[in-house]
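Dear colleague,

Please find the structure below. My notes on selected features follow it.

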Amino acid sequence: MEKSITPDAISTIIANPSLDSSSEIPELVVQVVDLKPVGNRFTFVASDGKMKLKATLPSNMSSEINLGNLQNLGLIRILGYTLNVIPKTLEKCLIVTKCEVVASVLEMEIGSEVKKEETGIILKPKQETGIILKPKQEMVAKSAAQIVHEQHENMAPSARMAMSRRVFPLVSLNPYQGNWTIKVRLTSKGNLRTYKNARGEGHVFNVELTDQDGTQIQATMFNEAANKFYNKFELGKVYYISKGTLKVANKQYKTVQNDYEMTLNENSEVEEVSEEGTFIPQTVYNFVKIDELGTFVNGKQLVDVVGVVQNVSPTLSVRRKINNETIPKRDITIADDSMKTVVVSLWNDLATNIGQELLDMAESSPVIAIKSLKVGDFQGVSLSSVSKSTVVINPDVPEAKKLKSWYSSEGKSSSMTSVGSGLNTSSKSGARSFYSDRVYLSHITSNPSLGEEKPEFFSIKAYISFIKPDQTMWYRACKQCNKKVTEAVGSGYWCEGCQKNEDECSLRYIMVVKISDPSGETWVSAFNEQAEKIIGCSADELDRIRTQDESQFQLKLKEAIWVPHLFRVSVQQNEYMNEKRQRITIRSEAPVDFAMESKFLLEEMSKLQVS
């Protein structure tokens with residue numbers, strides 16, 4: 001079947017700026033050149049072989065383009081249009097309101113300067129019906145549809161998807177879009193989890209996707225989709241993804257910088273990309289130095305760390321309180337060039353798989369990069385993996401190479417201290433942390449909104465002004481895991497955490513004390529390590545004193561008051577009896593180093609003089 005363009009079609013359109021249904025519709029077949037997406041429509045340049053005109057296709061043609069029925073260099077028959085003039089430039093623009101596809105794609109752009117011997121296009125005199133497109137005599141005539149079909153059949157599935165669908169950047173997606181296809185690298189993959197709610201039980205897992213521009217988005221799959229795609233998604237591989245839905249991201253739980261989050265269902269399409277013509281970035285890290293982890297303690301923000309492995313523990317079994325399920329755990333100690341160490345707890349598959357790999361190679365001190373860790377306050381500062389955490393051994397990133405070089409040259413022989421213990425020591429290196437974020441008590445107590453979104457941390461210098469002698473100062477704890485125990489039937493104590501009876505238990509402090517400074521006073525909570533330093537003895541020892549001699553017990557409490565301390569405290573909001581209250585907790589304590597304190601005061605005075 002012969003396909004033709006209409007000679008002087010552009011001149012006809014310019015001479016007749018509008019075409020309505022009552023007009024006699026002339027034959028207007030033009031070639032589509034420079035086809036581009038703009039929003040929900042496509043723009044192109046209409047060509048009749050002699051003249052060209054900027055134009056816009058109707059929105060209903062987007063589906064034809066996405067399906068490959070119309071491509072760049074194809075032919076369309078214009079059935080309705082309006083010719084507009086752009087005010088500032090006086091440039092004409094053709095708005096096509098109705099059209100149909102004549103040929104999906106031709107081999108090249110038609111132009112009067114093209115020789116017929118090279119293209120097989122025969123230029124007939126002007127009085128003829130038009131430019132007739134015929135194949136060369138030695139070629140087999142094929143329609144555009146046949147050519148496109150053969151090209152699709154010879155391509156790999158991912159290549160067919162790339163040709164038939166336009167790839168959208170992640171930044172352009174929104175909940176109101178229809179069909180879209182994205183090309184992304186899987187940069188984070190969470191574990192397949194089981195959940196229970198009022199509607200029943202199901203499965204869910206999350207992934208993080210990154211496109212070539214570095215834009216990230218979180219995608220979630222439930223039930224059938226989770227089972228369908230969990231094994232298909234592999235960390236680090238590139239995929240074409242389509243037929244998903246978007247919604248506004250929940251700021252409380254989002255883990256990437258994107259206003260939207262994606263949901264994939266059982267009808268979504270996920271296809272691995274075999275060729276990678278476009279570079280898609282690898283996992284994006286935002287590393288935090290170990291000595292800077294204190295500001296993230298008990299916050300909702302997850303952190304990325306890179307460090308040299310110092311020690312790897314055997315796998316431990318921990319029993320969950322919620323469902324009594326036993327899960328594996330492994331502790332890894334890492335260090336970096338801040339000369340600090342921190343313990344990272346790996347859970348579930350990370351503990352048994354990559355944790356075992358690290359145990360086998362621990363002597364070689366590998367460098368590991370861990371993405372998405374939760375920062376807790378166990379032993380001052382600790383890190384713990386979550387379902388979406390990933391661990392890479394000896395990653396190919398500049399920070400890891402720099403750290404490896406530092407450890408080989410000087411770090412191996414250097415003395416390291418725990419970032420947690422550094423917060424409660426009187427040494428100069430540790431005590432410095434008590435001089436950052438220094439405030440008076442009035443700054444905390446006069447700002448009731450502090451700690452609403454996440455815990456906030458401050459350093460204060462204060463005195464213990466009062467300790468209630470009749471309060472419950474301690475609880476019975478398991479000697480193995482320090483968790484609360486109850487009296488067992490018959491004798492001994494039952495530990496829910498260890499799931500066993502013990503003949504003996506220990507006492508651990510949990511108390512409140514009043515502290516004062518020149519600006520005011522307030523009640524604060526203190527736990528075992530900090531309370532032992534305030535009282536000057538263990539809870540077991542204080543209980544023995546109380547049992548033997550009440551007066552000695554009272555004297556011991558009096559000796560603890562009006563002693564100056566440096567405290568690192570956290571401030572957060574707790575709800576009690578439907579009322580929000582400020583809770584201040586002592587996270588670490590150190591006695592006042594008067595030399596350091598004097599230096600700090602001199603520095604503060606010099607700042608006042610400068611200002």
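How many bridges join strand S28 to S29? There are three, and the two strands, of which S28 spans residues 493-495, run antiparallel. Strands here are DSSP E runs of at least two residues and helices are H or I runs of at least four, numbered from the N terminus; two strands pair if DSSP finds at least two bridges between them.

This is a predicted model, in which local features need pLDDT of at least 70 and side-chain atom pairs count only at 80 or more, while totals for chains, interfaces and linings use all residues. Residues are numbered from 1 along each chain as its sequence is written, and side-chain values use heavy atoms, with hydrogens and water left out.

The sheet is open, with three strands in the order S27-S28-S29 and antiparallel pairing. Its edge strands, each pairing on one side only, are S27 (485-487) and S29 (500-502).

Helix H11 covers residues 528-535, and its buried residues (under 20% relative accessible area, 1.4 Å probe, protein chains only) are Asn528, Gln530, Ala531, Ile534 and Ile535. These lie on the same side of H11 because they cover an arc of only 160° around the axis, taken from the directions from the helix axis to the C-beta atoms. Just after H11, Gly536 takes a positive phi of about 95°.

Technical notes
Buried < 20%, exposed > 50% of the residue type's maximum accessible area, 1.4 Å probe, protein only.
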